[in-house]
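Trainee: I am new to this structure and would like a close look at a single part of it. Please take me through that part step by step.

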Amino acid sequence: MKNRFFLKNPIVMSGLLFGSFAPMLHAETAQESKTMVLPTIQVIGSQDDAVSKIPGAAVIVDQEQIQKFIPTSTEDILKRVSGVYVKPEEESAVVANIGMRGISSADYKTLILEDGVPVAPGLFVGNGRYYNPRVQRMDSIEVLKGSSALRYGPSNIGGVINYRTKQPKDGALVDLSIGSWDTYKTTVELGGSSPNKDSNFGAILSWAKSDGFMDKSYEMKDAVIKAGTAIGDNQWLGVKFTHYENDANISYRGQFLGEYHAKKKNNPAPDDWFLTERNSFDINHRWNINADTELQTLVYWSEMNRDYWRYEVDQDNPITVDGRWNYRNGPGTRGNGKGGQDNWDLRGNNRAFERIGAETRLVAKHDLFNMPSEAEVGLRLMNEKMDDITIDATRTTPRTGNVSKNTKDTAKSVALYAQNRLDITDQLSLTPGLRIERYEQQREDKRKNETVKTSNTEVMPGLGVTFQLIPAVQLYGSVYKAFSPALNGDSLSGMKDQKLDAETAVSWELGLRGQKDIFKYELTAFRMDFDNQIIPANSNSDFQSTNGGKTYNQGLESAISVELENGFDVFANVTWVADAQFKGDRYNKNGTLKSRNGDRVPYTPEWVANLGFGYSYAGLRTQLSANYMGSQFTDELNTKPIVENTSGFFTGKIDAYTTVDLTSRYTLNDQVEFYGAVKNLEDKRYMASLRQGIYVGPERSFEAGIRYRF
């Protein structure tokens, strides 16, 4: 799988790059630099009034906030945003499990972008979890909910998350840290600009290696290279290249219940490997046609390989003497001679993705009915493909063998959207919008020489409103329709068009937000009514091959921050998902009950809360924060005791838990900064999630580092 053209030694390569571009580097600080800002897609915006123009809940997590938390991953930041919750698997968050407003965190109905470009390997053809961008490259994170999410799609039911990568800064920065589980991280940032500041270049190079919690080791390399130039006085061109690779010793296999209670810390699947490599290239062009009209065009390409090598269940001896499933790498089965260890099956579930897309957006200020307006019209074309190959190997001949599955999934999609914000008065604005998306999916079985196709068209209207009641209080509300497509593997299962409709939901929200002196707040009530929600399960669920029934989600989310005197501050947010329930009983094709009316959607905690206290003095910034995750069901029938079914999947109710983190940063001068963190300060042991076993939440961990800017 690996081309491995990326730096074999990232530290050495960083030095070479620094030497190569040293003549371009200037000693300006980030505040003093006037380097050109590269064009990029922003879902909220960077202007001071950007959030107030959004007719729905919107959050921007800026660089200062990111640094306060000293995050291990992007999930470490997102779990602190109101309305958002995550389903943890590993502390490094190699794969992403993000839920929002009553949508399962084991589901994929929240669109995740980086600089406006989709980061999921496949939006129509395959699983969206396999790639999670590294937090080291992020400058800020935008979280958008409400009718403004219509501008982006598909899978925008939960909302839109946009990671904004760092802009090039003149100079160089080195960030080094060490931590628990023999974790070592290095990040080097380089930047330079032309003498007249109309062109610039930047690179962010990251490397991390760790033995990992529970011996789930990984080695990660990540590179972002950006460059741009002005074209005349009113056009700008930017390019961005990324490379990522990660060899992670992780698996779907978790601990048995006995292992969990015995507080075992070994890797339950030490022979399983999750190997990923991804490359991407974006070209972004912005043209200010005149003072009132702007055209932005984005062309993007990405490829990704995900090889997942796993030792399988012993089919000849599936049940061990103690009644447990005989996992080939499970407790009591390794090296015991059952079936002969060298003959145990090793399976490679290997997938290769490729995406190419183009998008253009025209924004124009104008007058409509003698009222100020701003219209936005956009068009997006995108092609995706995925090669899904299964290789049956053995321990004696690892990572090679017979091909037992070879399918190629492709999807073509076109989306057109338009919206217009109408400023009826100085206080009242109305924003109607419409998105139309058509997609065609195809699956080819290369072994059987069979092909099957399907297609769908979705029409999604929306309406949003904002009203500035008083300077410190803005009211907002929206209603819109959103959708999430059935993936090729579901819609074309068994080489047959299952005639699956897309999952659709009508979403409502009503809220208020504002800022007054030391206070900043937001409060939102929301509801989503699904026509045919399909819920991913911990077991072999045919929900993934049949249209489901109705579900509805409703609740409240709130956030407040207060800047106190003498350097103290406090923030808090609470999400209450009062209902995330099935409507009516559901049965599979054979008449077996799959869910009951009123059962709760899996992985939708009723309560999620965050609380933090901060203190700043001179160059010191310290923060103590707590994250509360409410109890959750992990299957559709809302099983309460933790049990293992005949397929080796675990289900049951996960208890609520609270984790506490302590972080601190000290800025010595303009060049040197020290930082440290203690995560899970109380060393609490808890169940984070279930799959083929129990995923254990990370124990107490430490990290210490230094940042030096040249």
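Leaving aside its neighbours within four places in sequence, which residues is Arg-286 in contact with?

Mentor: This is a predicted model, in which local features need pLDDT of at least 70 and side-chain atom pairs count only at pLDDT 80 or more, while totals for chains, interfaces and linings use all residues. Residues are numbered from 1 along each chain as its sequence is written, and side-chain values use heavy atoms, with hydrogens and water left out.

Apart from neighbours within four places in sequence, Arg-286 is in contact (heavy atoms within 4.5 Å) with Pro-39, Asn-234, Gln-235, Trp-236, Glu-294, Leu-295 and Gln-296. Arg-286 belongs to strand E13, residues 273-290. Strands (E, at least two residues) and helices (H or I, at least four) are DSSP runs, numbered from the N terminus. Arg-286 is buried but has no salt bridge. Buried means under 20% relative accessible area, exposed over 50%, and partly exposed in between, with a 1.4 Å probe and protein chains only. A salt bridge is a side-chain nitrogen of Lys or Arg within 4 Å of a carboxyl oxygen of Asp or Glu. For Arg-286, the nearest side chain of opposite charge is Glu-294, 4.1 Å away. Here Lys and Arg count as positive and Asp and Glu as negative, whereas His and the chain ends are not counted.

Pro-39, one of the contacts of Arg-286, is also in contact with Gly-238. Gly-238 sits in strand E12, residues 235-248, and is buried, with a relative accessible area of 5%.

Arg-286 has no salt bridge, but the whole structure holds 43 of them. In one, Lys-265 pairs with Glu-699, with 3.0 Å between the closest N and O atoms. This pair links distant parts of the chain, 434 residues apart: Lys-265 is in the loop between helix H4 (257-261) and E13, and Glu-699 is in the loop between strand E36 (693-696) and strand E37 (701-709).

Another salt bridge joins Arg-80 to Asp-76, with the closest N and O atoms 3.4 Å apart. Both Arg-80 and Asp-76 are buried. They also take part in a network of salt bridges that links Asp-76, Lys-79, Arg-80, Asp-661 and Lys-679.
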